[in-house]
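Here is a short briefing for a first look. Keep the sequence and the 3D view open while reading.

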Amino acid sequence: MNVKETVREKYGAAARRVKSGGSSCCGSAASSRGCADPITSNLYDANETGNIPEEALLASLGCGNPTALANLNPGETVLDLGSGGGIDVLLSAKRVGPGGKAYGLDMTDEMLALARENQRKAGVDNVEFLKGEIENIPLPDNSVDVIISNCVINLSGDKDRVLSEAFRVLKPGGRFAVSDVVVRGEVPAEVRRSMELWVGCIAGAMEEYEYVRKLAKAGFVSMDVEPTRVYSIDDARQFLTGEGIDVDAIAPQVEGKFMSAFIRAEKPALRINASKGCCSPACCH
Ligand SMILES: C[S@@+](CC[C@H](N)C(=O)[O-])C[C@H]1O[C@@H](n2cnc3c(N)ncnc32)[C@H](O)[C@@H]1O
């Protein structure tokens, strides 16, 4: 299955809906759910979104609020993987201030156009939206202090590659602080097989320990997975109904298993080893 092309098509259509005055709705079952889905709704507090353009809020398709949970300091460089309409990039830009920089990276032209328009409306200069794929981040090694992302890594068909690219661009001591849908335990095969559920951030979700293992494989340390919303069978019914899945038959296998979580990890800081004459995390053990 060509996950990437399907994802690009779906999110391009979501961006076009916002541009034509509608709401983006989340993923697959959007029209039937009327966009009030349990994953995407009510993520942001009105206090923090005061001067964020309406279209950036309407285009919000995340499953968490990474900038509320991440530690962002003035002067830092932040990168949002899969920035969509740009809401988390604009929120990050405020937090890092004029001496810092917030990059958004997205592969979908319509989302990039919407995000750039939102940047113009917000009147912020310390923001740049880049076109590209999270599997091939178009930034140099060791150039970013904090990576955020909101419900995007679960859309990738090559999560190892995404995490190793995140590790590469982070500075030593840099932080990985993302929101994603994760799974606790096994997921029924019919859920995993559904392309529509993949696009809606469900079928591609990683098991929580697998996420931690993959982060460690990429080189990260201090991993932590903190659930922010755990979905009940009634919530799950909303994502699964209309996807050709017999929800009642698989109810016990999905109850409480899907959750939005905040995932943190760090790239090890440089330690100088004078005897080896080197200062990279890899050679200083
Ligand atoms: C679920 S939306 C989330 C958007 C945004 N983070 C938010 O919270 O509203 C997913 C976004 O990630 C982008 N995306 C998905 N897979 C991607 C990939 N492999 N590389 C770059 N962008 C990707 C899509 O184009 C879309 O804009």
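In which helix is the place of Glu165? Glu165 sits in helix α7, residues 159-169. The model is predicted, so local features need pLDDT of at least 70, side-chain atom pairs count only at pLDDT 80 or more, and totals for chains, interfaces and linings use all residues. Residues are numbered from 1 along each chain as its sequence is written, and side-chain values use heavy atoms, with hydrogens and water left out.

**Overall make-up**

- The protein chain has 12 helices and 8 strands. These are DSSP runs numbered from the N terminus: helices are H or I with at least four residues, strands are E with at least two.
- Of its 285 residues, 55% count as buried. Buried means under 20% relative accessible area, exposed means over 50%, and partly exposed is in between (1.4 Å probe, protein chains only).
- Take the contacts in the protein chain with a separation of 6 or more: residues 24 or more positions apart account for 77% of them. Contact means heavy atoms within 4.5 Å.

- Glu165 counts as buried, at 8% relative accessibility.
- Glu165 touches Ile134, Glu135, Asn136 and Ile137, not counting residues up to four places away in sequence.
- Pro138 is 27 residues from Glu165 along the chain, and their C-alpha atoms are separated by 9.6 Å.

**Nonpolar cores**

- The largest nonpolar core has 36 residues. Such a core is a set of buried Ala, Val, Leu, Ile, Met, Phe, Trp, Tyr and Cys residues joined through side-chain atoms within 4.5 Å.
- Val181, Val191, Leu197, Phe239, Leu240 and Phe258 have the most contacts inside this largest core.
- At least two residues of this core come from each of α1 (3-19), α6 (109-122), β5 (170-183), α9 (195-199), α11 and α12.
- α1 supplies the largest share of this core, 6 residues.
- Another core, of 31 residues, lies apart from it; Ile137, Leu139, Phe167 and Val169 are among its members.
- Val191 is in contact with Leu197, Ile202, Ala203, Leu240, Ile245, Ile250 and Phe258, leaving aside neighbours within four places in sequence.

**Helix pair α11 and α12**

- Helix α11 (residues 233-240) packs on helix α12 (residues 247-254) at an angle of about 130°, with axes 10 Å apart. Axes are lines fitted to C-alpha atoms, for helices over the stretch in contact, and angles run from 0 to 180 degrees between N-to-C directions.
- The two helices, α11 and α12, are therefore oblique to each other. Angles under 35 degrees count as roughly parallel, over 145 as roughly antiparallel, 65 to 115 as roughly perpendicular and the rest as oblique.
- α11 passes α12 in a right-handed crossing. A crossing is right-handed if the near helix is turned clockwise from the far one by less than a right angle, and left-handed if anticlockwise.
- From α11, Ile233, Ala236, Arg237 and Leu240 meet Val247, Asp248, Ile250, Ala251 and Val254 of α12.
- The contact of α11 with α12 has 7 nonpolar, no polar and 2 charged residues. Ala, Val, Leu, Ile, Met, Phe, Trp, Tyr, Cys and Pro count as nonpolar, Asp, Glu, Lys and Arg as charged, and the others, Gly among them, as polar.

**Helix pair α1 and α6**

- The axes of α1 and α6 come within 7 Å and cross at roughly 35°.
- The crossing of α1 past α6 is left-handed.
- Tyr11, Gly12, Ala14, Ala15, Arg16, Val18 and Lys19 of α1 meet Glu110, Met111, Ala113 and Leu114 of α6.
- The residues of this contact of α1 with α6 divide into 7 nonpolar, 1 polar and 3 charged.

- Ser83 lies in the loop between β1 (77-81) and α5 (87-96). Its relative accessible area is 6%, so Ser83 is buried.
- Ala261 lies in strand β8, residues 258-266. Ala261 counts as buried, at 1% relative accessibility.
- Ala261 and Glu208 are 53 residues apart in sequence and 9.0 Å apart in space, C-alpha to C-alpha.

**Positive phi values**

- Most residues other than glycine have a negative phi.
- Asn142 has a positive phi, near 55°. Asn142 is found in the loop between β3 (127-131) and β4 (144-150), and is partly exposed at 41% relative accessible area.
- Ser222 has a positive phi near 55°, and lies in strand β7, residues 221-230.
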